[in-house]
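I set out to look up, entry by entry, what can be read from this structure.

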Amino acid sequence: MTDPSSKPTDETQPHETAGWRSIDRPAEPVADDSAPPAPSEPVGGSATYSPAPEPRTDWTRPSWSEREPTPEHWFESAVPAPVPTTGVTATRRGAGPGTVIVAALAAAVLASGGTIAALTAGGAFDRTNAPAAASQGTNSTTIKQPVTLDESSAIIDVAAKAGPSVVRIYTKGIDPNSATQQEQDGVGSGIIFDANGWILTNRHVVASTTDLTVQLKDGTKYDAKIYGTDTLTDLAIVKVGATGLPAATIGDSDGLKVGELVVAIGSPLGTFDNSVTSGIVSALGRDIVTDGGHIRNLIQTDAAINPGNSGGPLLDATGAVIGVNTAIAQNSTGIGFSIPIDIARPIMRQALAGQTLARPYIGIQYVSIDPQLVKQLKLPVSSGAYVQVLDPNGQPTGEDAVRPSSPAAVAGIKTGDIVTSINGQAIDVLHPLDSVLTQFAPGDKITLEVIRGQDHKTLTVTLGTRPKDLG
């Protein structure tokens with residue numbers, strides 16, 4: 001729900017949810033913290049916000065096929081060994097019956113004596129008899145051995161540890177895009193990050209609400225108010241007048257690895273509160289686009305996320321929050337996005353300190369350097385932030401990429417510079433410039449290592465406050 005007077009590029013206002021979409025292009029877009037991004041046409045699959053339940057006309061049901069029975073392995077009985085024949089030729093004038101019996105007994109005694117001697121010499125009588133092996137006769141059954149499911153145990157532990165800190169958020173407000181302009185209800189999720197009533201959620205969950213209620217896992221409800229919304233990402237802070245609440249453990253998203261186990265908890269469809277799903281980290285550093293601009297550096301996961309999960313936590317195997325679930329890709333299965341907790345951490349600290357939520361501002365447009373850009377523009381380094389505005393063909397436009405009077409301009413940054421590090425942190429694929437900047441607050445002084453032509457420079461920038469109207 002949005003304010004009718006808001007601009008699509010105003011990041012302080014919510015926007016229509018149908019504008020989410022994944023970015024899939026050969027070169028990264030120009031990242032601009034100084035001007036709203038130009039609207040773009042959908043590319044590839046889109047993604048949507050998901051606080052309010054959508055009516056479903058049909059449920060997709062999986063087709064369960066019966067498993068083929070395991071073929072039985074039939075074991076045949078051992079074939080008797082052929083009886084060896086003796087080399088004695090019988091004569092027609094054979095011995096009488098008595099002679100034959102005596103001869104047979106003598107042969108048996110001699111044979112058994114030889115066998116005993118052979119076994120004694122081999123030490124067979126000195127060995128301890130081994131337990132009889134399990135029979136493998138026809139239709140034999142396999143003895144089941146205990147199996148340890150470490151992953152299942154981890155998910156159970158995560159749900160038990162983090163579940164009480166996940167809340168359901170009920171909202172009421174008027175959707176400006178609705179033809180009837182009537183008050184509507186919505187449901188989302190949130191994370192208690194401090195026991196004194198501080199809750200982290202998505203901005204689109206609580207934007208333009210006239211009434212806000214938070215419900216704990218045990219059913220307790222509290223009236224709530226919006227403390228502040230983020231000017232950079234789809235995050236917001238909500239406050240309730242309660243103490244002693246079960247706060248979540250806040251983790252670290254910087255060390256995440258693709259393939260790592262993750263767990264999502266929330267209220268899918270606004271009905272099934274505290275639902276637990278699991279999956280893996282499918283990818284890192286994803287970008288998606290809304291009508292209001294980009295949200296960058298997201299975690300992609302295949303843990304099931306549905307409408308109503310927005311604002312709920314993405315957790316690692318220890319039960320620590322490593323992301324805030326924010327969007328799902330439309331017409332897809334297993335493509336969800338979460339805002340890394342490291343991006344949310346600065347505004348959480350500001351809220352606890354009683355400060356207004358604000359993001360740092362440097363005032364440049366840039367492109368993250370990748371191998372394709374290096375080859376195309378013959379850049380001298382393989383990673384960094386290229387302060388430049390590029391056209392659709394990936395060529396410099398000649399437009400000034402440094403906003404006049406911005407902190408970057410005051411510090412002496414120029415169009416064409418390459419920022420290689422901030423306070424010693426290398427700028428690369430895993431640490432893009434805008435992600436590194438979120439660690440700082442307005443007013444902080446940072447040191448930039450810059451390449452300008454053949455020269456290497458060290459510049460000091462005093463960060464400003466990000467304007468609310470930037471996309």
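**Entry 1: confidence.** I noted that the model is predicted, and I therefore looked up the pLDDT before anything else, since pLDDT is the predictor's confidence in each residue. The chain has a mean pLDDT of 76, with 66% of its residues at 70 or more. I then looked up the elements: the lowest mean pLDDT, 39, belongs to strand 1 (residues 21-22), and the highest, 98, to strand 6 (residues 198-201). I marked residues 50-112, where the pLDDT is below 50; the model gives this stretch 30 contacts beyond near neighbours in sequence. I also marked residues 124-145, where pLDDT stays under 50 and the model has 13 contacts beyond four places in sequence.

Entry 2

**Entry 3: strand 7 and its partners.** I followed strand 7 (residues 209-215) to strand 4 (residues 166-174) and found the two antiparallel, joined by six bridges. Within this pairing I recorded lysine 172 opposite aspartate 211 of strand 7, and glycine 173 with threonine 209 of strand 7 as its bridge partner. I next turned to strand 8, which pairs with strand 7 in the antiparallel sense over three bridges. Glutamine 215 has lysine 221, in strand 8, as its bridge partner. The hairpin of strand 7 and strand 8 has five residues between the strands, and in this hairpin glycine 219 takes a positive phi near 95°. Why is strand 7 largely enclosed by the rest of the structure? I found that five of its seven residues are buried, so the rest of the structure largely encloses strand 7.

**Entry 4: helix 4.** I looked up the span of helix 4 (residues 341-352): its twelve residues reach 16 Å from the first C-alpha to the last, close to the 16 Å expected at 1.5 Å a residue. Is helix 4 mostly covered or mostly uncovered? I recorded it as mostly covered, with nine of its twelve residues buried. The buried residues include Ile341, Ile343, Ile347 and Met348, and also Arg345 and Gln350. Just after helix 4, I noted a positive phi of about 75° at glycine 354.

How values were computed
Residues are numbered from 1 along each chain as its sequence is written. This is a predicted model: local features need pLDDT of at least 70, side-chain atom pairs count only at pLDDT 80 or more; totals for chains, interfaces and linings use all residues. Side-chain values use heavy atoms; hydrogens and water are left out. pLDDT is the predictor's confidence in each residue, from 0 to 100. Helices (H or I, at least four residues) and strands (E, at least two) are DSSP runs, numbered from the N terminus. Contact means heavy atoms within 4.5 Å. The expected span of a helix is 1.5 Å times one less than its number of residues. Buried means under 20% relative accessible area, exposed over 50%, partly exposed in between (1.4 Å probe, protein chains only). Two strands pair if DSSP finds at least two bridges between them.
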